[in-house]
Amino acid sequence: MGLIIAYIILAIYSVALLLIFFYSLAQLNLLVNYLGYKRRNQIAPKFNLLDPKEIPYVTIQLPVYNEEYVMERLLENIAKIEYPKSKLEIQVLDDSTDDSVIDTAARVKALQETGLDIQHIRRENRQGFKAGALKEGLEIAKGEFIAIFDADFMPSGDWLKKTVLYFKDPEIGVVQTRWGHINREYSTLTRIQAFALDAHFTLEQVGRNAKGHFINFNGTAGIWRKECIIDAGNWEGDTLTEDLDLSYRAQLKNWKFKYLEDVETPAELPVVISAARSQQFRWNKGGAENFRKTVFNVVTAKNISFKTKFHGVMHLLNSSMFLCVFLVSLLSIPAMYIKAIYPQLDIVFTLLSFFVLSTIILFVCYWFTYKSIQGSGFDNFVDYIKIFFTFFSVALGFSLHNSIAVLEGHMGKRSEFVRTPKFNLNNITDSWKGNKYLTKKLSPNMILEAVLMIYFLFGMYSAVPLNDFGLFPFHFMLFVGFGFVFTKSLTSRV
């Protein structure tokens with residue numbers, strides 16, 4: 001009986017490791033694409049914005065909900081966009097339910113008096129959440145192209161001039177820019193979030209786009225062709241990541257996406273772990289919901305190649321990797337005891353040790369993305385090693401939280417769109433305490449995270465009597481990761 005249980009544990013453990021290995025191979029392929037793309041000269045038809053006849057009409061949509069701390073900054077920044085006023089419309093899609101509505105209305109009115117075509121649009125309810133607001137605004141939008149910015153984003157004055165010109169190609173449906181981070185150095189939490197997002201916005205977005213594989217509009221800091229949105233079926237609010245959903249529907253209808261790595265759009269990262277948790281939950285659950293909704297259409301599509309299908313499936317499964325990581329973590333301690341009790345299974349563990357290659361591949365991939373933004377050199381490489389293992393540890397600490405999100409997504413459990421609180425913090429001396437949008441509730445997950453911290457401490461202890469230290473570094477990172485997430489979650493509620 002014991003041997004049968006051992007086989008079941010090892011089977012689950014092995015399948016999870018295999019899926020993580022496939023994911024790392026996909027990342028390696030994206031790295032090859034990324035490096036090849038960086039060496040090519042890119043030529044594309046562009047609008048001549050010096051010719052008034054070629055300047056297209058643009059609508060900027062600002063979907064906001066209870067954004068008291070950043071509305072002034074947002075509106076002041078958007079008002080500085082350099083574009084002919086006769087060809088520009090701004091929609092403030094305000095679903096707020098607090099007093100920020102009054103202040104926003106006053107600011108919009110003041111901007112209207114300067115001659116700016118800006119409207120403060122309110123809805124009777126939040127049906128469809130952000131997707132519903134974007135869809136309602138689209139119905140009355142004057143623009144041929146629709147730029148979208150979340151409340152914490154601050155595009156440069158020449159942002160439209162750098163992006164809208166690519167729509168000269170009638171097949172382009174979306175132009176997406178790279179996110180920047182105004183508060184990258186605020187804390188360990190912001191540094192690791194920036195590290196992870198930089199990898200997505202360099203390796204993944206460029207790597208996929210370079211070979212015509214599907215990428216996604218990232219919900220903000222991008223611009224759509226209005227015709228593309230409508231042709232793809234318009235915004236739908238049945239997933240928590242409406243941006244990924246519409247992106248795949250558009251590309252399945254043969255619309256092309258253009259990603260601009262060199263155009264950075266600065267934004268603010270969550271500085272409190274409770275805010276990061278809500279954002280991570282929405283992104284990971286939304287990813288799983290979109291896998292459930294879209295994967296069949298991707299696999300059966302007649303108009304895309306096998307390789308694009310493979311990368312599409314892996315893209316939709318990105319968030320599900322957290323479930324694989326959590327299973328590997330949870331079963332790694334029983335696996336140590338199985339190895340000690342059943343020496344006849346040594347060959348299995350010898351084969352499983354091959355999967356350490358997954359970590360090596362990701363280490364190499366992330367280095368190339370890190371140095372593309374932070375620069376190369378020995379000192380930067382040392383800094384990279386520190387941030388990589390810090391990121392790796394904290395990502396492990398988020399694995400329970402994100403796995404629950406993934407499971408809910410795959411099972412079709414619906415939940416409300418929970419916004420990420422904004423803070424308007426510009427330097428490390430600014431404090432987030434007192435932000436009225438922060439949740440004070442204690443999550444049941446936090447108790448489990450404390451238990452897991454102790455569990456992986458036991459894993460480190462087990463290495464001594466078993467005389468098996470192969471997984472000691474892994475268990476140490478798990479202990480640190482769950483400890484970080486648990487303690488930061490407690491302190492963010494004071």
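Me: What stands opposite Gln91?
Reply: Gln119, in β3. Bear in mind that this is a predicted model.

Me: How many bridges join β2 to β3, and do they run parallel or antiparallel?
Reply: There are 5 bridges, and the two strands run parallel. β2 covers residues 88-94.

Me: What's the strand order in the sheet?
Reply: β3-β2-β1-β4-β6-β5-β7. That is an open sheet of 7 strands with mixed pairing. On average, neighbouring strands are turned by 20° against each other, direction ignored.

Me: Which strands does α4 lie across?
Reply: β1, β2, β3 and β4. α4 is residues 129-140 and runs at about 145° to β2.

Me: Switching to α9. Where does it bend?
Reply: At Thr294, by about 50°.

Me: Why call α9 largely enclosed?
Reply: Because 21 of its 28 residues are buried, where buried means under 20% relative accessible area.

Me: And how far apart are its end C-alpha atoms?
Reply: 40 Å, which agrees with the 40 Å that 28 residues should span at 1.5 Å each.

Me: Now α16. What covers its buried residues?
Reply: The cover includes α9, α11, α14, α15 and α17. Among the buried residues are Met446, Leu452, Phe456 and Met460. Glu449 is also on that list.

Me: What comes just after α16?
Reply: Asn467, with a positive phi of about 50°.

Definitions and conventions:
Residues are numbered from 1 along each chain as its sequence is written. This is a predicted model: local features need pLDDT of at least 70, side-chain atom pairs count only at pLDDT 80 or more; totals for chains, interfaces and linings use all residues. Side-chain values use heavy atoms; hydrogens and water are left out. Two strands pair if DSSP finds at least two bridges between them. Helices (H or I, at least four residues) and strands (E, at least two) are DSSP runs, numbered from the N terminus. Axes are lines fitted to C-alpha atoms, for helices over the stretch in contact, and angles run from 0 to 180 degrees between N-to-C directions. Contact means heavy atoms within 4.5 Å. The expected span of a helix is 1.5 Å times one less than its number of residues. The bend at a residue is the angle between axes fitted to the seven residues ending there and the seven starting there. Buried means under 20% relative accessible area, exposed over 50%, partly exposed in between (1.4 Å probe, protein chains only).
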